[in-house]
Amino acid sequence: MNPEFVVPIDRLQERLQLKLIDGYGIMCMYAVEEGKMSRGIRTVLRRDAEILSLFTPLESDTYDMIHTEVPQTRPYEREMHEMSGLNPHMAEHYGPQRLQWAYKDAYPLQKASLPEERVFRPIPDNRMEGDGIFEIPVGPVHAGIIEPGHFRFSVAGEPILKLRTHMGYTYRGIEKLMEGFTETDRTRIIERVSGDTAVANALAYAHAMEGETEVPERARLLRTIFAELERIYCHFGDIGGIAQDTGFSVPAAYAAGIKEKILRLNEIIGGHRFLMGTIVPGGVRRDISDDSLREIQNRILKVSFDIEELVGMMEGSSFLMDRVETTGVLTHKDAVEYRALGPAARASGVKTDVRKERPYDAYGDVGFRVFTREKGDVYSRMLVKAGEIVESTSIINQCLDQIRPGPLRTEVRTADGLGLGIVEAPRGELVHCAEITEGEIWRYRIRDPSFINWLALERALPGNIVADFPLVNKSFNLSYSGNDL
């Protein structure tokens with residue numbers, strides 16, 4: 001069990017500051033609605049493998065703003081204001097976080113039914129003034145088939161002075177759909193939080209429901225294989241996208257071809273190109289035949305050579321290197337202050353990876369390196385993802401060497417309390433928190449890494465030119481739907 005402490009609201013800011021100084025980072029922060037549980041704020045922190053849970057009871061929805069002194073809490077406070085009706089002082093200056101509308105005297109996650117009448121919430125300007133400064137709105141409709149998101153740039157000529165991201169166009173109410181009795185398997189819902197990380201979300205949900213349940217060894221190994229296949233095809237897509245956005249079509253097509261081969265392999269072994277329907281609480285839904293295991297091994301043997309050739313093509317172009325080096329720099333200081341996650345953080349010198357720090361499934365039984373770079377630019381993020389592809393092939397091969405016949409699933413009895421699922425998704429640390437009481441999920445909070453890394457993107461853009469925004473955006477390759485839920 002993870003230790004839990006009750007912290008009064010007037011002590012929460014001070015307590016969080018002390019914990020951050022002590023090396024903890026805020027993993028998740030959310031409001032719990034009253035009823036079967038007390039109304040309050042849950043804060044979950046992590047330092048390596050150590051988890052700390054704080055609960056702050058609330059007698060009033062109004063409190064002193066926390067993020068002015070603890071920047072990591074900024075997106076959480078905005079989300080709690082919008083989705084759970086909390087009103088920190090100065091909340092009227094918050095722009096929409098997930099919704100372009102609001103209810104009068106009601107909020108989306110309340111237990112009572114919602115009124116039909118809604119009020120539109122306009123997106124605020126960036127509030128920058130001066131000679132030659134103007135604002136460029138981009139989106140939410142974009143060219144191609146990417147997800148919708150709205151961006152506002154304050155610029156002085158070409159250089160960007162400030163960026164603000166505004167999401168919420170793919171909000172589906174998933175956290176509300178997750179409420180109910182724990183006996184109901186909600187994997188099909190959770191796999192669709194963000195389609196390209198179906199495995200990571202299914203894993204996090206399974207861990208939150210399993211608690212101390214012992215998952216069979218073969219299932220743990222298969223889960224790890226699925227997770228690394230997902231990482232490989234996501235990273236190939238990201239690197240190919242960087243080539244595409246620099247106008248370098250040959251390596252872009254090469255990366256797309258490799259990604260397609262992995263997706264076809266997924267369909268052969270799991271029945272779905274994105275491996276949906278493979279992971280459930282207690283283990284895995286289906287086995288993989290010996291022929292399919294050999295097919296994985298044969299395909300994976302080629303991937304290390306594929307990524308080496310892809311990076312070689314890209315590094316051999318002086319035009320591409322001129323575009324990616326020193327572009328979109330996320331400094332180490334900003335990465336730490338805002339707790340950036342995943343490859344975005346590791347490219348800025350932050351050595352963090354849940355698979356190493358808090359091993360789950362078979363990660364404690366395999367060896368791999370955590371790749372980092374120091375410069376924090378587009379090129380560094382590309383190299384980190386390339387290195388992770390190589391390590392993913394090694395992890396898969398080690399799992400294939402260890403796999404033996406055995407059971408695939410065990411019965412799960414979800415206990416009351418706080419259920420946690422923490423995994424390293426392709427974009428970084430993914431957290432699922434389940435508040436469970438009397439056998440019922442009372443509040444389910446999903447914190448996708450993109451929820452944090454959109455802030456990191458905002459910090460990486462100033463000083464770059466507008467034409468580089470698609471390239472920097474692609475190097476982060478954040479999920480819109482994972483943020484919106």
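Author: What follows treats the ring pairs and then the helix contact. This is a predicted model, in which local features need pLDDT of at least 70 and side-chain atom pairs count only at pLDDT 80 or more, while totals for chains, interfaces and linings use all residues. Residues are numbered from 1 along each chain as its sequence is written, and side-chain values use heavy atoms, with hydrogens and water left out.

Ring pairs link Phe151, Phe153, Trp454, Phe469 and Tyr480 into a cluster. Rings of Phe, Tyr and Trp (its six-membered ring) pair if their centres lie within 6.5 Å; planes under 30 degrees apart count as stacked, over 60 as edge-to-face and the rest as tilted. The whole structure holds eleven aromatic pairs. One of them, phenylalanine 151 with tyrosine 480, is edge-to-face, at 6.5 Å centre to centre and 80° between the planes. This pair links distant parts of the chain, 329 residues apart: phenylalanine 151 lies in strand β10 (residues 150–156) and tyrosine 480 in helix α16 (residues 480–484). Helices (H or I, at least four residues) and strands (E, at least two) are DSSP runs, numbered from the N terminus. Phenylalanine 151 is buried at 1% relative accessibility, and tyrosine 480 is buried at 6%; buried means under 20% relative accessible area, exposed over 50%, partly exposed in between (1.4 Å probe, protein chains only).

Trp454 and Phe469, also in the cluster, take part in the contact of α14 with α15 (heavy atoms within 4.5 Å). In α14, Asn453, Ala456, Leu457 and Ala460 are also among the contact residues; α15 contributes residues including Val472, Asn473 and Phe476.
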